[in-house]
Amino acid sequence: MTGPAHIFDKPNRYIGQPSPRADAARLLQGRGRFVDDETLPRMAHAAFVRSPHAHAKILEIETTKAKSAPGVIAIYTGDDLAEHVTPYVGVLTHMKGLRSAPQHPLAVGIARWQGEPVVMVIATSRALAEDACELVEVDYDELPPVVDTETALDGDAPVIHPEFGNNLAWERDVVAGDIDAAFAAPGVQVIEREFRFGRHTGVTLESRGTLCDFDPSEQQLTVYYSGQAPHMMQVIFATHLDLPEENVRVISNDVGGSFGIKIHTYGDEIATAAAAKLLNRPVKFIADRFESFVTDIHARDHIIKARMGVTRDGTIVGIDFDDLTGVGPFSMYPRTSAIECNQILNLTGAPYDLENYRAKGRVVFQNKTLMCQYRGVGHPIAMAVADGLLEDCARAIGMDPVTLRQHNLMADDSYPRASATGMKLDDLSHQRALLKLTDIMDYKGLRAAQTSERQNGIYRGIGFVSMVEVTNPSPMFYGVGGASIASQDGATVRLDAGGALHVSSSITEQGQGTNAILAQIAAGVFGVALNRIKVTTGDTATTPYGGGTWASRGAGIGGEAMLQAAQALKDQVLDVAAVMLQTTVDKLDIQDGAVTDLDGAIRLPLADLARTVYYRGNELPKDLNPELIATRHYRVTDFPFVFTNAAMAAHVEVDIATGFVKVLHFWAVEDCGRVINPLLVDEQIRGGVVQGIGGALYEECLYSPDGQMLNATMADYMVPMASEMPDITVAHIETPTKTSVLGAKGAGEAGTGGAPAAILNAVNDALSPLGASIWQMPMTPERVLNVIDSAAK
């Protein structure tokens, strides 16, 4: 087949139109004539010819017509960029046996998923670049694709990377106790289910984008980056574009949503940076929605066969499951595509007191978009499997699901302790969270109303989940595996001459309120008003080194660094103030922007102190060397993670005539340690719940047997809208983590991780009078009707 096809046939003209400013810049000082385009280092725009096939050899690329198209500056193929960009491989040394082939920014020799970039066109506008893309002719030889996860390891399946011999990327077994003996014991009932989780992706308000500029005089690459981890990307650009790390600056200002989507290495972004370096001019690429759907990472592609054993008195004796995960043709760099499966192996059943546990995970290559970390990595699957089986067991033995949980959840006074999989746990409150949840939702009243409604043909259900959330990861998570991913974060606090604080942090802002939290912590510790604090984040040239925003680590790690830096600066200021006021530090404090006595009486405005230090240092003793700036870094050291826990419940109504599920109300009780800003925390949880509703009921990346994504538009890919959002009641228990002074854990992903399980259980509770149950997400109307019909036969 020749030329781009399928969803890439029609470029979006509204993106990248020529700028009036650019035209004005081309005028020679009012003389009214235009300068040749190539003489001005103004903005260029990138567009990509992407593979219309899931798997195909690239036989020939003809670019002659495209090169002569209006506005075209340069055209690059995979072979062209391979001379300037070293390949990257998405493996970590501590994930034994994980393998992946080298990746290039543009496909070299073979295209391995629909949407993989094959040719990059650089032109004076996005519209002209897209026009030229249509003139590029690519001759493909289609190869049989690997689309079905279940058959990817069959002996006759096509092998995506022949050098590996099969499509297995990674496997791991976790065994604790003797599951076979536990299940065979007298009086144990074993429930077995097959769970299927559909691929979905994070539909960010702002699509992926980058603007790269290269200054040849300084050999300096500056990248404006819509993403989560500037310092990580600094290392990646430097490593693979052969630049000193100090010559790469990455700037990530306010980002319109990320959810983990924007924490990976994408070929089109690396190619854009390479083009800027080769052309010595700024190059911009903004993904449109078509490109986002087929190139942004996907997640949740799992088939799990699971069993749980329970005694007649409600004791869970063990969990046994096999997880088969499809991840696309490569392991995503640098975080790897095996992490989600690994999280499921570690987290399934984590809240429960289990002695017997067996889990097997296999990760397989496919000819689909790459899969990797998306909000709540692995959590929705792990919680749905364990708590779905638990509520099924409760029905089987005739026990209330809340009572069964209370019987098996780890005791709140049993910490520190380890889970069945060996995870170190501390400072959790599963029992208290469940008790508070049933109280605020009026559980007994809902059950009574449910009985009455069923008599009137209304099928409503109540479902629960008790969950943990991985937060505040330590260097034992990525750094130990050789990845250039910082688990520490840093903060700098500086007092200016006017008495205001300037704070900077390696944590980044994606709409979750990072800047507000940092300012609040600094203000509270140091003693100034919030409106006297200026926050800088997301710039490798001006902020301390750190990991950025991921894994709910903003407040717990970045916030702790800010607390320590603010406290250090306060100590410095009070040292100076004690000398100036001829008193001792223990008699002074800082309140409302002034040095005060302990009773609050103002002794010295901070502005006066700062001006003395900065402008009239001769008035200070010679042996006093005041520093009005402090930097501190923080990392978790004693645990691989800090865990948050929560108890959640969903109330749903199922229309058995249409299969539609309506979420009537949702409750979440979370223990995220110390709550710094209740409004931000509650809205983070609500936002996560809505994303969890999307995964449970609506969102799925659908593929044809030949590997074409079938719903790569917002008209076809369903996300929850305002009308699908229920009332969401949020409450808290605060058990501060002992790993930090601040005591904050994390809250950003809990709703996404727990909501699908609660909704799954609520739907199955509603369907139970019909003898029907569903174990596949999303639970679409068609699938709900199918299980109802099957139960009726």
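This is a predicted model: local features need pLDDT of at least 70, side-chain atom pairs count only at pLDDT 80 or more; totals for chains, interfaces and linings use all residues.

Trainee: Okay, helices. At what angle do α9 and α10 pack?
Mentor: Helix α9 (residues 339–347) packs with helix α10 (residues 379–397) at an angle of about 35 degrees, and their axes are 8 Å apart. Axes here are lines fitted to C-alpha atoms, for helices over the stretch in contact, and angles run from 0 to 180 degrees between N-to-C directions. Helices (H or I, at least four residues) and strands (E, at least two) are DSSP runs, numbered from the N terminus.

Trainee: Which residues make that contact?
Mentor: From α9 there are Glu340, Gln343, Ile344 and Leu347, and from α10 His379, Ile381, Ala382 and Met383. Contact means heavy atoms within 4.5 Å. By class, the contact of α9 with α10 has five nonpolar, two polar and one charged residues. In that count, Ala, Val, Leu, Ile, Met, Phe, Trp, Tyr, Cys and Pro are nonpolar, Asp, Glu, Lys and Arg are charged, and the others, Gly among them, are polar.

Trainee: And how do α10 and α11 pack?
Mentor: α10 and helix α11 (residues 401–408) have an angle of about 115 degrees between them, with axes 9 Å apart. Asp387, Leu390, Glu391, Cys393 and Ala394 in α10 meet Pro401, Leu404 and Arg405 in α11. By class, this contact of α10 with α11 has five nonpolar, no polar and three charged residues.

Trainee: New topic: Gln373. Where does Gln373 sit?
Mentor: Gln373 is in the loop between β17 (357–364) and α10.

Trainee: Is Gln373 buried or exposed?
Mentor: Gln373 is buried, with a relative accessible area of 6%. Buried means under 20% relative accessible area, exposed over 50%, and partly exposed in between (1.4 Å probe, protein chains only).

Trainee: What does Gln373 touch?
Mentor: Not counting residues up to four places away in sequence, Gln373 touches Gly260, Ile261, His264, Ile297, Arg335, Thr336, Ile339 and Tyr478. With Tyr478 there is a polar contact, side chain to side chain, at 2.5 Å. A polar contact is a pair of N or O atoms within 3.5 Å; within protein, one must be able to donate a hydrogen and the other to accept it, and residues adjacent in sequence count only if both atoms are side-chain atoms.

Trainee: What about Leu81?
Mentor: Leu81 lies in helix α3 (residues 78–82) and counts as buried at 1% relative accessibility. Leaving out residues up to four places away in sequence, Leu81 touches Tyr76, Pro105, Leu106, Met120, Ala271, Ala274 and Leu278. Leu81 and Ile270 are 189 residues apart in sequence, yet 9.9 Å apart in space, C-alpha to C-alpha.

Trainee: Which residues touch the most other members of the largest nonpolar core?
Mentor: Among its 171 residues, those are Met120, Ile122, Leu221, Phe237, Phe666 and Ile759. Another core, of 47 residues, lies apart from it and includes Ile517, Leu574, Ile590 and Ala744. A nonpolar core is a set of buried Ala, Val, Leu, Ile, Met, Phe, Trp, Tyr and Cys residues joined through side-chain atoms within 4.5 Å. In soluble globular proteins, nonpolar side chains tend to be buried together.

Trainee: Where are the cis peptide bonds you've got noted?
Mentor: One joins Tyr333 and Pro334, with omega about 0 degrees, and Pro334 lies in the loop between β16 (316–326) and α9. Another joins Tyr415 and Pro416, again with omega about 0 degrees, and Pro416 lies in the loop between α11 and β18.

Trainee: Last one: what is the phi of Phe259, and of Asp592?
Mentor: Phe259 has a positive phi of about 60 degrees although it is not a glycine, and at 28% relative accessibility Phe259 counts as partly exposed. Asp592 has a positive phi of about 55 degrees, and is not a glycine either. Asp592 is in the loop between β24 (588–591) and β25 (594–597) and counts as exposed at 77% relative accessibility.

Key: Residues are numbered from 1 along each chain as its sequence is written. Side-chain values use heavy atoms; hydrogens and water are left out.
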